[in-house]
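Subject: Structure handover

Hello,

Here is the structure we spoke about.

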Amino acid sequence: MRDSDGNPGQTVPGTAAVDHLLGRMSLREKVGQLNQRLYGWQAVERTQGGGFRLTRVARAELDRWGGLGALYGLFRADAWSGRTWTDGIRPQERAEVAALVQEEVRHAGQHGIGALLTEEAPHGHQALGATLLPTNLSLAAGWDPALVAEASAAVAAELSASGVHLALVSALDLLRDARWGRAEECFGEDPLLAAELTRAVVCGMQGYQRGAIGAGGVGVVVKHLAAQGEATGGRNGQSSVIGPRDLRELHLPPVRAAVEAGALGFMAAYNDIDGVPCCANRALITGFLRDECDFDGIVMGDGLAVDRLTEMTDDPMAGAVTALEAGVDLSLWDESFVLLESAAAQDRHVAELVDAACRRMLTLKQRMGLLAIGRGEEDSDPRGPVRERVTVTGGGPRAADIGNHDAARLSRRLARQAMVLLHNDGGVLPLTQEARGKVVVAGPNGLDVTAMLGDYVPPLPEGAAPGLYAALREALPASDIVWAPGLPTPAQLKGADLVVLALGGTSHRAYDDEFAANGALIAKAEATSGEGVDMADVSLPEGQDVLAAALRQVVTCPIVAVVIAGRPHVLTTVVENTDAVLWAGYPGPFGGRAIADALLGTEEPVGLLPFTLPSHPGAVPLRYNDRHPAQNVYRDAREPVLFPFGFGLRYHQVVFENLTAAVGPATVRVSVDVGNATNTGTEAIVPLFAHRAGGRVLPRRRELLAHRRIPLPPGARTTVVWDLPARTCFAEGALHRARTDLYVEDLHTPIHPYSTPELAVRPRDGRNPL
C-alpha cells in the first residue's frame, strides 16, 4: 500500500512476507479469507454466567474455512438484527466480545490469522450506545468538510476502542432522483460537494495518510461504487442508464477523492451501468479504480450482490468467477462465493485470481495487526490461547451510554449546521418574545425523536434525546407548550401565539417490520424513506399538505413549518399556507434542540440546500447541473423548481461585493468580499458557481467550482480567495473563444482562457471505456 504521496507506507509488510504466508495456505483457507457470510449478531450468544461465547453457527463457519475472512455486524443493533438493549451487546461489552471472537478465529486456523470486524457506520456506529450524527444529506447542508472530518474522527475512535477494523460508510452516491429511498445517505446532488465531504469522512476516520489506523482510527469501506443514485425511476439497485461522460463527471469524482484520501476499501453497488452490474464491471473496478486511480485496497460486494449475478450468468459459480475477475475481493453474505474453491481447483486462472484477492486481504489484515508475521511470533503458536467465555459487568441502558462527550458535542454542532431557512414571510423567525407565550406543536413529527434519526440506527435508551415538543419545553420553560397530534382543536388553539407544524417523513424501522434478505424494508413499514422505501410520489406523506391548508383556515397566529425529512419533498402547499419553513433533514439525536435553537434565534440557520426542491411531484428528477432548463417545459408545472440547489435564507444580513477573477496560464484566482452588516456574529457559506461555455460539449447550466464556510464577527469584512486550476474553470475542449461566467450570490463576472489554445480534458487511459 502507498501513502498519500504514493510512497510505500512504513507499517505495510513486505510483499515477500505476505506471499510467504499465502504460499503456506490451502485453497480452502484462501477462499475462506474472501467470504463474509455470517451475520455478526448471530455469531455470539450470552452464557448463563453472564458472559459470551461463539454460537454453533459461527463455530461451524470457522471450522469449515480454518478461520474467517471478515465478520459483519457483530455489534449491529436494530429492527433487522432484532438486537435491543435487552439482548444486544452494550458499549462496555464490545471490546471484550471482539477479543473473544479474535481469539476463537485465530485458534481455528493453522496460521493465526484474525478476522476483519466490519460495522455499518453511515452516520455513526449502528450499535447500542454509539454516537449518531445527522444523516449525510443533513451534513451536506452545512457545507463544512472540516467539521465533518472532526466528527468522523470521533466516531472512528469509538469504533476502534470497540475492536472494529472497517467502517462501512455511505458517501459515493449522488442524489439524482428524489424518489430514491436512500436519498438521505447522499451528500446531495453535486459531485464537488460530495467529493469534498467524502474526502473529509475518509481522512477523519482513517487519519491523514492512513496514519490513525490502530491509533484511534479505523479503515473505511466507502459505498457505493458507482452511480447507484442514478437508478432508473429512483428504484433502488436498478439500471443506471447514463453515458461514460456523466459517469465520469458526476459519479466518479467522489470515488477518486476517496482514493486520494487513502480509503482502504470500496463496496461495489447493486445497480448495473448500461447493463453491466457493478460487481461484474471490470472496467469500473479494475480499469478505473485500480489501474487509473492506483487504488490498492480491497473491494467488497454489497450484501448478496454477487449472488444476484446468477440472473446474468445463469450459474452461481460463473457469477462468483465473474465478480472475482471484475476485481471483487470480499463477498457479503453470498453463497456463490464459496464455490470459488471448486472453480479454482478446476481453472488455474481462477486460482491466480483467488491468490490476488487473498493477497489484498492479507495485506490489509497485516496493516490491522491481524497477522502473526512481523510480530515476532513465527517460532511460537501464532494462534495463542482461547477463552471459552468472557464475563463483563455492566448495568442496563442509560442516556450517558450514548457515545463519548466529544463525539456528542460534534454531532450537536452538525445538527445546528443542518438547518436551512427556506421561507420567512415578514421576518416571523427568529421568534420574538411575544410569539413565545403559547406555542402549539402539531404534525406527525412533533413528538418522537426517532423521526430525526434516519436509517441505519440503533435503538436509543429511554430519555436519551428529546423530540421537538420536548426540546421546545426545555427551551421555553415559562411558555405554555401544547401538543396536538393532528389538526389542533379550537381549545388547543385558543390564545396561541404560534403554531409549529412538524412535517416530513421518517426512516424509522419498527421491530415488527418485515425485511428482505439484505435488510431492506419490504412490508408493514411506517417508514417513508430509507433503504427499500422508494416512492413514486415525493409529495409530503400522510395528507400533510391537507393538514397545512386546513390549519391555515383556522389559525390567525403565525404558522412555522419544520420539515424533518430524508429526501426532497414537494413543499409548494406548505409554503403557501405557512409564514416560515425550516428544513431540518434528519438532524440526529440532537435535532430537537437544534431546531429549537434555530426557531428562537439562539443559533442562526445558515445552511444551504444540497439538492433541488421540486414544486411538483411529476417534475422529478430535477437537478441544478442538468444541461437543459426545466422551466416552461411542463404545461402543468411551468416553474418546476420551488427552491434551487444552494438556496438558503438567514436572519442577519451578509453583503457580497467585488467578485473578481484573474486568469493565468495555470490557475484562475477568484476573490469576493463578504461583509457582516449587523452587530451580531454569524457564519456564511460562500459557493462559487460557473457556467462553462465554448467547448465541445453542451454545457451544464451551472456547476459548483468551489465553496467556503467562514465566520463573520459583528461588522466584519473579509475577502474569500480561491486559486483554482484553469483546466477546471473552462469547458472541456475549450478554445480561445471559450467563456465561463462566474457567480457568487447575485454577483457575476465573465472570464476567458489566458492564452492556452486548448484545455481539453481527456481520460488518462483512452482504452478504458469509463
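The notes below cover a sheet and then the cavities.

Please keep in mind that this is a predicted model.

The sheet

Three strands make up an open sheet, and their order across it is S22-S23-S26. The strands pair in the antiparallel sense. Strand S22, residues 654–663, and strand S26, residues 717–725, are the edge strands, each pairing on one side only. From one strand to the next, the twist averages 15 degrees.

To find the pairing of S23 with S26, go to residues 667–676, which form strand S23. Nine bridges join S23 to S26, again in the antiparallel sense. One place to look is Ser671, which stands opposite Val721 of S26.

The cavities

The count of cavities of 30 Å³ or more comes to seven. The largest cavity holds about 100 Å³ of space.

Which residues lie nearest the centre of the largest cavity? They are Ala121, Pro122, Leu133, Ser152 and Val201, out of 13 residues that line the cavity.

Three helices each supply at least two residues of this lining: H5 (136–142), H6 (145–161) and H7 (191–206). Helix H6 gives the most, with three residues.

Regards

Terms used: Residues are numbered from 1 along each chain as its sequence is written. This is a predicted model: local features need pLDDT of at least 70, side-chain atom pairs count only at pLDDT 80 or more; totals for chains, interfaces and linings use all residues. Side-chain values use heavy atoms; hydrogens and water are left out. Two strands pair if DSSP finds at least two bridges between them. Helices (H or I, at least four residues) and strands (E, at least two) are DSSP runs, numbered from the N terminus. Axes are lines fitted to C-alpha atoms, for helices over the stretch in contact, and angles run from 0 to 180 degrees between N-to-C directions. On a 1 Å grid over the protein atoms alone, a cavity is a set of points where a 1.4 Å probe fits but cannot get out, and a pocket is an open set with protein on both sides within 12 Å along at least five of seven lines; lining residues have an atom within 4 Å of a point. Grid points are joined across faces, edges and corners, and a volume is the space filled by probe spheres set on the points.
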